[in-house]
Each structure stands twice: as C-alpha cells, then as structure tokens.
Amino acid sequence: MEIKKVGVMGCGSMGLGVAQVCAQAGIPTVAVKATPGSTDKIRAGLEKSLGKMVERGKMTADHRDSTLGLLQLTNREEDVADCDLIVESIIEDLETKKALFQRLEGIVSPQALLTTNTSTLSVTAMMAVCKHRVRVAGLHFFNPAPVMKLVEIIYGFETSDEVIDTLNVFCKKVGKDPVIVQDTTGFIVNRLLTPYMLSAIRLLEMGTGTIGDIDHAMKSGAGHPMGPFELADYIGLDVVEAMTLNIYQDMHQPHVSSPHTLTRLVQLGYLGRKTGKGFYDYSVKPPMPNPALQHPVA
Ligand SMILES: NC(=O)c1ccc[n+]([C@@H]2O[C@H](COP(=O)([O-])OP(=O)(O)OC[C@H]3O[C@@H](n4cnc5c(N)ncnc54)[C@H](O)[C@@H]3O)[C@@H](O)[C@H]2O)c1
C-alpha cells in the first residue's frame, strides 16, 4: 500500500513537526488542531521557521513554498477522511487517545492506517477500542521531528506484518531511519531515557550538583548534545511526567517514580521551553536556572 495522503491529529510541538516532515517529503498532509481556536498562529509560526531555513540555506524558497502548499491546517477531524495514514499526536492521555481512535474509525476508510505517536502509552490499548485492528500501530517520531532521524515503528498485539512493512517504506520515503519494536512501555528510547532524566533530578534534589553542573557534566563527560535538564525542558515536563507515570505503572520501581521537583514544576505550569520556564528560565539569554528551584526538595 502506498501512502498518498497523511492526516496528523494535534498541532503541538510533535504534531506540527510530523506534518512538516510529510509535506517536506512531497506528501499532501492535513494537520488537525485538536483544541479550539484559529490555526492562523500555527501557520504563521511554520512560515517563520521555514523562512529561517531558507535564510540559512537549508531549504530553497521553492521547497518552502511547495511544503506550505501541501500542508492543510484545519480544526475539523472530518478533513482527514481521504488520508491513507493517520498519525495521532495529541495529549499523552490514554482515554483521550482511545476516544480519538474510535472517532477516527468512523471517519477514515477501513484500509487507512491508524498510528499513534505516543511516547509511552500502550499501542495495543488503543488498538483494543478499534474494529479493524490489524491497521493500528505506533509511529514514534522524536523531537524536533524535522531534524531527528529515528522513528520507532511499533507492533501492537494484532498489527499485521504488511502494515509494519508499509510504515517502514513510508518512514524511509520521508527521510527517516526507522527501527521496529514491540509494544513495551517506553519502547526503546524513552524506556532508557526517562529513568536517566529522573536520576538527574534526584541528583539535583540530593545536592550533588547544580542544574548547570549536571548538564555540563553529561555534555562534556558523556558526549551528550544536551544535558538531562535541557533535554527534559525540550521534551516538555508534562510529557516527561506522563512518561514517568506510565513507566512506573508498568515497572513499580522507585527509581521510575516522579521526583517532587518534577511534580511541582508541572503543577506550577513550568513545562519547559514551550511555556518559557522549566528547569531553566528561557526569558533571559543565556537561559538561567528557574528561580523557583533555588530550594529543591530532597
Ligand atoms: N515532546 C516530545 O519530545 C515528544 C516526542 C515524541 C512523541 N511525543 C508524543 O507526542 C504527543 C504530543 O506531544 P507534544 O510534545 O506535541 O505535546 P504538546 O503539548 O506540544 O501538544 C499537545 C497537543 O495535544 C492537544 N491537546 C491538549 N489537550 C487536549 C485534549 N484534551 N484533547 C485532545 N487534544 C488535546 C494540544 O492542542 C496539542 O495539539 C504525545 O503523545 C507525546 O507523548 C512527544
């Protein structure tokens, strides 16, 4: 099966990034804003970021124009009716995702592939609410989707081999470097990365080092491009907390429970780069540790 048109549900950091990847690869794409409100601001943001790529010589003006031309932004879920592949990228909440999968089955054709970009939730749990289950799978992109090469293609319990093959071909067509994995909480990357970020937060709480020290150590000593706090802020602390809760529910081990500092930052609405503050305060240049963290809780 050839993917000729893609529908992306959700226009947050990941949804919009995935939609950009598909349109950039020449595939007509519909991106559905999942919450009420105009899509004008989203389009303006995308035009700005593609414009910067043109200025930096990373994209031609023609490619920018064709990408924008292939990308339809909408509030109407029905607009994905003729898509061959759906990539769900809404909030990391199982019940909300399951309800969306059920609505999607009433909108798209029975052959269309239904995939989720979940970071840690069960693909099989979403498949379970669907009538046509063999076409349900995971398609886990990484942040920022236009830059990161990896996509985890995830088998749900009843996903067919043919669907996985189609997704593999699709990922390569849009310039990605996929790996096929089984439906395990966190798959490969987040199963390893989440406990790592949580350990960094616990080191901070124990007073082992400052946010800057720990980030510096992991960049300079382990060769990571970002430190664990920079990474957590980039991912979004609400997403990190959701991944933590899902992995904890699966493993029940103390080292994968949510540290107080993470819980409190999320409670305060400090979600990282997307809200301007997380472990760092991004309103100043260079970003400084968030003043709310002067007294971390052990
Ligand atoms: N942030 C990452 O690094 C990353 C990487 C890979 C996958 N993901 C996954 O992608 C998905 C989206 O994450 P994101 O980082 O784009 O988050 P985000 O906060 O940037 O976007 C969340 C999206 O969900 C929508 N939304 C909010 N409340 C909703 C509701 N009640 N019902 C339906 N939609 C709602 C928002 O409008 C927005 O489009 C999640 O499943 C997340 O786990 C995130």
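Tutor: What follows is a set of questions and answers about this structure, which is a predicted model.

Student: Let us begin with the chain as a whole; what domains does the domain assignment give?

Tutor: The assignment gives domain 1, residues 6-182, and domain 2, residues 190-289, and the C-alpha centres of domain 1 and domain 2 lie 26 Å apart. In the contact between them, 6 residues come from domain 1 and 10 residues from domain 2. On the side of domain 1 that touches domain 2, the classes are 1 nonpolar, 4 polar and 1 charged.

Student: Which residues are closest to the ligand?

Tutor: The ligand is surrounded by 24 residues, and the closest are Gly12, Met14, Ala34, Ser119 and Asn143. By class, the shell around the ligand holds 9 nonpolar, 13 polar and 2 charged residues.

Student: How do you know that the shell around the ligand draws on domain 1 and domain 2?

Tutor: The shell takes at least three residues from each of domain 1 and domain 2.

Student: Why are α7 and α10 called roughly perpendicular?

Tutor: The axes of α7 (residues 189-205) and α10 (residues 237-251) come within 10 Å and cross at roughly 110°. Angles of 65 to 115 degrees count as roughly perpendicular, and therefore α7 and α10 are given that description. On the α7 side the contact involves Asn190, Arg191, Thr194, Met197 and Leu198, which meet Val240, Met243, Thr244 and Ile247 in α10. The residues of this contact of α7 with α10 divide into 5 nonpolar, 3 polar and 1 charged.

Student: Why is phenylalanine 187 called buried?

Tutor: A residue is called buried if 20 or more other C-beta atoms lie within 10 Å of its own, and phenylalanine 187 has 21 of them, so the word buried applies. Phenylalanine 187 is placed in the loop between β8 (177-182) and α7, and its phi is near 50°, a positive value in a residue other than glycine.

Student: And how do you know that histidine 252 counts as exposed?

Tutor: Exposed is the word for a residue with 12 or fewer such neighbours, and histidine 252 has 9 C-beta neighbours inside 10 Å, so it counts as exposed. Histidine 252 is found in the loop between α10 and α11 (260-267), and phi of histidine 252 is near 50°, again a positive value in a residue other than glycine.

Student: Why is leucine 94 described as partly exposed?

Tutor: Leucine 94 has 15 other C-beta atoms within 10 Å, so it is partly exposed by the in-between class. Leucine 94 lies in helix α4 (residues 94-105), and it touches Leu121 and Ala125, not counting residues up to four places away in sequence.

Student: Finally, which peptide bond that ends at proline 144 is cis, and what is its omega?

Tutor: The bond from asparagine 143 to proline 144 is cis, with omega near 0°, and proline 144 lies in the loop between β6 and β7 (150-155). The bond from lysine 285 to proline 286 is also cis, with omega near -5°, and proline 286 is in the loop between β9 (280-281) and β10 (288-289).

Note on methods
Residues numbered from 1 in each chain as written. Predicted model: local features only at pLDDT ≥ 70, side-chain atom pairs only at ≥ 80, totals over all residues. Near = placed C-beta within 6 Å. Nonpolar A, V, L, I, M, F, W, Y, C, P; charged D, E, K, R; others polar. Domains from an automatic or database assignment. Axes fitted to C-alpha atoms, helices over the stretch in contact; angles between N-to-C directions. Helix = DSSP H or I, 4+ residues; strand = E, 2+ residues; numbered from the N terminus. Parallel < 35°, antiparallel > 145°, perpendicular 65-115°, else oblique. Contact = placed C-beta atoms within 7 Å.
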